[in-house]
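Colleague: I have the model open and would like to go through it with you. Can we start with the backbone and then move on to packing and pockets?

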Amino acid sequence: MSTTPTLTETPTALRPRRRLLRGLPWLIVRQHRTALACVLGLAVVGTLWIVYQRYEMVQFLDARGWPEKEVRYAVDDSRSYGYISSLLSGLPLILAVFVGAPLIAGDRENGTAQLVTTQSVTRRQWLISKLGFAYTLALVCGLLLSAAFTWWWQPHRSFFLSQWVEGRIFDNTGPVLPALLLFMTAAGITIGVLLRRLVPAMAVALGFTAVFSYVWDEIRIRLDSTRMFTYPKDTDLPARFDEAYEVDRWVGNAQGELFGWGTCAEATDKAQNACIEKHGIINDVIEYLDYDQMATMQWTAAGLLLAGTALLTGFVLWRVSRRPL
C-alpha cells in the first residue's frame with residue numbers, strides 16, 4: 001500500500017518554526033535588534049568583566065593573608081576599574097539617547113507607527129509593547145550589573161577610594177542602578193514623544209542626561225538627614241567614622257554654639273588663640289552621613305526614580321493616545 005503523503009499534509013520542512021516571541025513583540029524586537037544586541041552585549045560583557053576583576057582581587061588578597069594581615073591596595077588605581085566605572089556611568093546615557101529617544105520618535109518620523117497601527121493593532125497595544133521592550137532591556141541590564149558590582153564592592157569596600165555616597169558607588173549598587181536606567185529610558189522616550197523627530201530627540205536626551213547628572217549629585221546627599229558629632233578640638237576622630245561621609249565641619253564652644261571652620265583662621269598663632277579664647281571654642285564638630293544610612297538612602301533614591309518613571313510613562317500614554325501619530 002502506498003504511503004505517499006496527500007496534498008493536504010504539510011511537509012515538516014515547510015512548517016513554521018516555533019518562536020519564543022510572536023506577533024507585535026517579535027516585530028518590535030526585530031525592529032530594534034541592533035540596539036538590543038549592543039546594549040545587552042555591553043551588560044553581559046560588563047558583568048563578566050566585573051566577576052573576573054573580583055576573582056583577580058580575591059586571589060591577590062588571599063595570597064597576602066587578608067583579612068588577617070593588612071594589605072595596601074587601591075582598586076581605583078587599576079585601569080580595568082576605570083573602564084568598568086565608565087561603562088556603568090555611561091549606561092544611563094546610552095539607554096536615554098540610543099534606546100529611549102528613538103523608540104517612538106523614530107517610528108513617528110519614518111511613518112512606521114501609522115503603518116503598524118493600521119494592521120489590526122491598536123495604538124495602545126503598539127505603545128505598551130514598545131515600552132515593555134525598552135523597560136525590560138533597562139531592567140535586565142541594571143539588575144545584572146548592579147548585582148555583580150555590589151558583590152565586588154561590598155565585602156571589599158575598604159579597597160575602593162571612592163566613598164559610598166559618591167555616584168561611582170551609590171548609583172551602581174543595590175536598587176539604584178536598575179531604577180536609574182528605567183528613569184533615564186523613560187526620560188528619553190518622553191523627549192522623543194514631545195519632539196517627534198529622531199535626531200533632535202537624541203540631542204536633547206543627551207543634554208538632559210548631563211543636566212540630570214549634575215542635579216542628581218545634589219539630590220543624593222540630601223536623601224537622609226545628616227548627623228552631628230562633637231569631639232575635643234585637635235584630636236583624632238574615632239575609627240568608627242572611617243566610612244562616614246563628611247558633609248561639613250564646624251567648631252563649637254561649651255554652650256553648643258557652632259562657628260564656621262575658618263572662624264579663627266588668623267594670620268598669626270597669637271591672633272588665632274585670642275579668637276579661640278574669645279569664642280570659647282573647645283570642640284571640633286562634623287556633620288556627616290554614616291555608612292549604615294546607605295541602604296535607606298538607596299531605597300529612597302530608587303523610590304524617587306521609579307515614581308518619576310511612572311509619571312513619565314503615564315504622560316507618554318496620555319500624550320500618544322490624544323495626539324495623531
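Colleague: Where is Pro-67 found?
Modeller: Bearing in mind that this is a predicted model, Pro-67 sits in the loop between H2 and H3.

Colleague: And the peptide bond from Trp-66 to Pro-67, is that cis or trans?
Modeller: The bond that leads from Trp-66 into Pro-67 is cis, and its omega is near 10 degrees.

Colleague: What about Arg-196, is its phi positive or negative?
Modeller: Arg-196 has a positive phi of about 65 degrees although it is not a glycine, and its place in the chain is the loop between H7 and H8.

Colleague: Back to H2 and H3, then: at what angle do they pack?
Modeller: Helix H2, which covers residues 33–63, packs with helix H3, residues 79–110, at an angle of about 160 degrees, and their axes are 11 Å apart. Because of that angle, H2 is roughly antiparallel to H3.

Colleague: Is the crossing left-handed or right-handed?
Modeller: The crossing in which H2 passes H3 is left-handed.

Colleague: Which residues make the contact?
Modeller: On the H2 side, the contact is made by Ala-35, Val-39, Leu-42, Gly-46, Trp-49, Ile-50 and Gln-53, while H3 contributes Ser-80, Tyr-83, Ile-84, Leu-87, Ile-94, Leu-95, Phe-98 and Val-99. Sorted by class, this contact of H2 with H3 has twelve nonpolar and three polar residues, with no charged ones.

Colleague: Switching to pockets, how much space lies in the largest one?
Modeller: The largest pocket holds about 310 Å³ of space. It is lined by 14 residues, of which Arg-157, Ser-158, Phe-160, Asp-242 and Glu-243 are the closest to its centre.

Colleague: How does that lining divide into nonpolar, polar and charged?
Modeller: For the largest pocket, the lining comprises eight nonpolar, three polar and three charged residues.

Colleague: And the second largest pocket, how much space is there and which residues are closest to its centre?
Modeller: About 270 Å³ of space lies in the second largest pocket, and among the 16 residues lining this pocket, those closest to the centre are Ser-89, Pro-92, Asp-171, Leu-180 and Ser-213.

Colleague: Which helix gives the most to that lining?
Modeller: H8 gives the most to the lining of the second largest pocket, with six residues, although H3, H6 (167–170), H7 (176–195) and H8 (198–220) each supply at least two residues. By class, the lining of the second largest pocket has seven nonpolar, five polar and four charged residues.

Definitions and conventions: Residues numbered from 1 in each chain as written. Predicted model: local features only at pLDDT ≥ 70, side-chain atom pairs only at ≥ 80, totals over all residues. Heavy atoms only, no water. Axes fitted to C-alpha atoms, helices over the stretch in contact; angles between N-to-C directions. Helix = DSSP H or I, 4+ residues; strand = E, 2+ residues; numbered from the N terminus. Parallel < 35°, antiparallel > 145°, perpendicular 65-115°, else oblique. Left-handed = near helix turned anticlockwise from the far one by under 90°. Contact = heavy atoms within 4.5 Å. Nonpolar A, V, L, I, M, F, W, Y, C, P; charged D, E, K, R; others polar. 1 Å grid on protein atoms, 1.4 Å probe; cavity = no way out; pocket = protein on both sides within 12 Å on 5 of 7 lines; lining within 4 Å. Points joined across faces, edges and corners; volume = space filled by probe spheres on them.
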